[in-house]
Amino acid sequence: MINQIIRGHRVVTPLIVGPASVHISEGRIAAIREWDDVPAGIPLTDAGSSVVMPGNVDAHVHVNEPGRTEWEGYETATKAAAAGGVTSIVDMPLNSIPPTTTLAGFEEKLAAAEGKCAVDVAFWGGVVPGNTAELADLIERGVRGFKCFLIHSGVDEFPHVTESDLRVAMPEIARLRSVLLVHAEVPGPINLAAASLAGLDPRKYETFLSSRPRESENEAIELMIRLCRETGCQIHIVHHSSSDALPMLRAALDDGLPLTVETCPHYLTFAAEDVPDGATHYKCCPPVRERENREKLWKAVADGTIDMVVSDHSPCTPALKLQETGDFMDAWGGIAALQVGLPVMWTNLKKRGFGVADLTRLMSVQPAKLAGLDYRKGKLAAGYDADIVIWNPESEFKVVPEIIQNRHKLTPYSGMELYGVVETTYVRGQKVYENGDFVGTKVGELVI
Ligand SMILES: [Zn+2]
């Protein structure tokens with residue numbers, strides 16, 4: 001029984017971007033039909049010339065609840081998601097306390113998230129030294145895969161792993177047919193660089209950039225490719241920044257290794273040369289690098305070496321950003337961007353000659369696949385959840401604190417004029433957000 005139809009002249013289906021009508025029944029897409037195949041009596045939303053697209057799936061979000069809810073939380077994060085056309089997020093296992101590295105920790109997180117979410121939420125588990133025995137239980141309970149760090153994670157309750165830890169964990173993840181997400185920086189080159197930082201101005205972005213050299217990422221990628229080859233464990237490189245490692249990744253992909261790569265809007269938008277002194281809201285790890293590096297990342301997006309773009313939304317309290325001193329070395333590293341990922345990427349893609357089908361592939365299809373949600377999310381097709389964003393690619397808006405829905409308003413995108421205004425967001429057929437207002441804010445489910 002069809003109970004709702006959304007149609008438009010620019011509907012993004014797996015095959016075309018063009019006129020179509022999306023027939024919805026009980027929260028799912030029943031069929032994609034001709035634009036004028038609209039039986040009388042069924043409620044109709046006509047998007048006109050706005051884009052009708054599968055909602056973005058943001059597979060890299062730090063919600064930080066429970067434990068650091070003053071940084072962010074399920075209610076605020078998922079409202080920001082809905083306002084940004086993101087209909088599913090996958091929460092990272094760290095920065096919340098406890099971290100999602102044990103079944104008990106996961107239960108606490110599920111309890112904290114329940115009933116608060118405006119969009120659907122799935123979860124990554126974590127790999128830390130000694131928790132291999134927990135992994136099967138975490139999968140059984142519903143995590144979508146596991147994240148690990150090869151360097152200090154920024155929080156002490158989520159310790160990083162070494163090659164010998166991975167030699168224990170990766171065969172188990174392969175046995176579980178799951179995926180290992182890797183923060184790919186190793187300590188060696190960073191420790192080496194630390195020696196030459198004495199006397200440099202911590203307010204200069206250059207100082208911070210030289211403290212996180214490309215070699216740290218390059219060596220980490222080399223290690224992960226080797227372990228992927230040896231163990232057969234599927235791996236995914238999160239927030240990739242160093243362009244030097246792209247040829248290595250390309251070669252591994254050409255060899256058929258089970259490997260995917262994400263990058264984030266900030267690496268594709270900003271350039272180290274332009275970051276003002278003391279502007280610690282641009283700090284993240286690995287860092288935003290030089291303009292030349294950014295241009296090579298774009299080539300990798302174009303040739304498919306980089307599969308997807310996710311936010312790595314990682315906010316904190318304004319105090320931890322040390323805005324008064326502007327000390328890059330001591331400020332918390334993490335960029336808040338969940339709400340503006342779609343317009344930021346669209347503004348970039350449009351300028352560089354890509355289309356809305358590319359946006360959909362990078363921000364909906366591929367992240368859904370990574371998180372094992374592609375049986376129901378990431379596409380407008382029969383049988384899929386009616387997770388839909390209607391947005392206008394020609395209109396512009398300015399990023400100002402008043403429109404930001406996540407808990408803290410500090411973001412490096414502040415003041416930018418962006419193309420792509422999100423008009424309406426539907427989660428499983430239910431309207432959540434419309435033109436600046438929230439309609440139903442608790443419709444999100446935990447996908448486990
Ligand atoms: Zn992250």
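H313 lies in the loop between β14 (308-309) and α11 (341-351); helices (H or I, at least four residues) and strands (E, at least two) are DSSP runs, numbered from the N terminus. The model is predicted: local features need pLDDT of at least 70, side-chain atom pairs count only at pLDDT 80 or more, and totals for chains, interfaces and linings use all residues. Residues are numbered from 1 along each chain as its sequence is written, and side-chain values use heavy atoms, with hydrogens and water left out.

With a relative accessible area of 0%, H313 is buried (under 20% relative accessible area; exposed is over 50%, partly exposed in between; 1.4 Å probe, protein chains only). Beyond its neighbours within four places in sequence, H313 has contacts (heavy atoms within 4.5 Å) that include H60, H62, E72 and N406.

**Zinc site**

H60 (NE2), H62 (NE2) and D312 (OD) coordinate the zinc ion at 2.1 to 2.2 Å. Donors are N, O and S atoms within 2.8 Å of the metal (3.2 Å for Na, K and Ca); water is not among the atoms, so sites may look incomplete. Along the chain, the donors follow the spacing H-x1-H-x249-D. H62, in the loop between β6 (56-61) and α1 (74-83), and D312, in the loop between β14 and α11, are 250 residues apart. Both H62 and D312 are buried.
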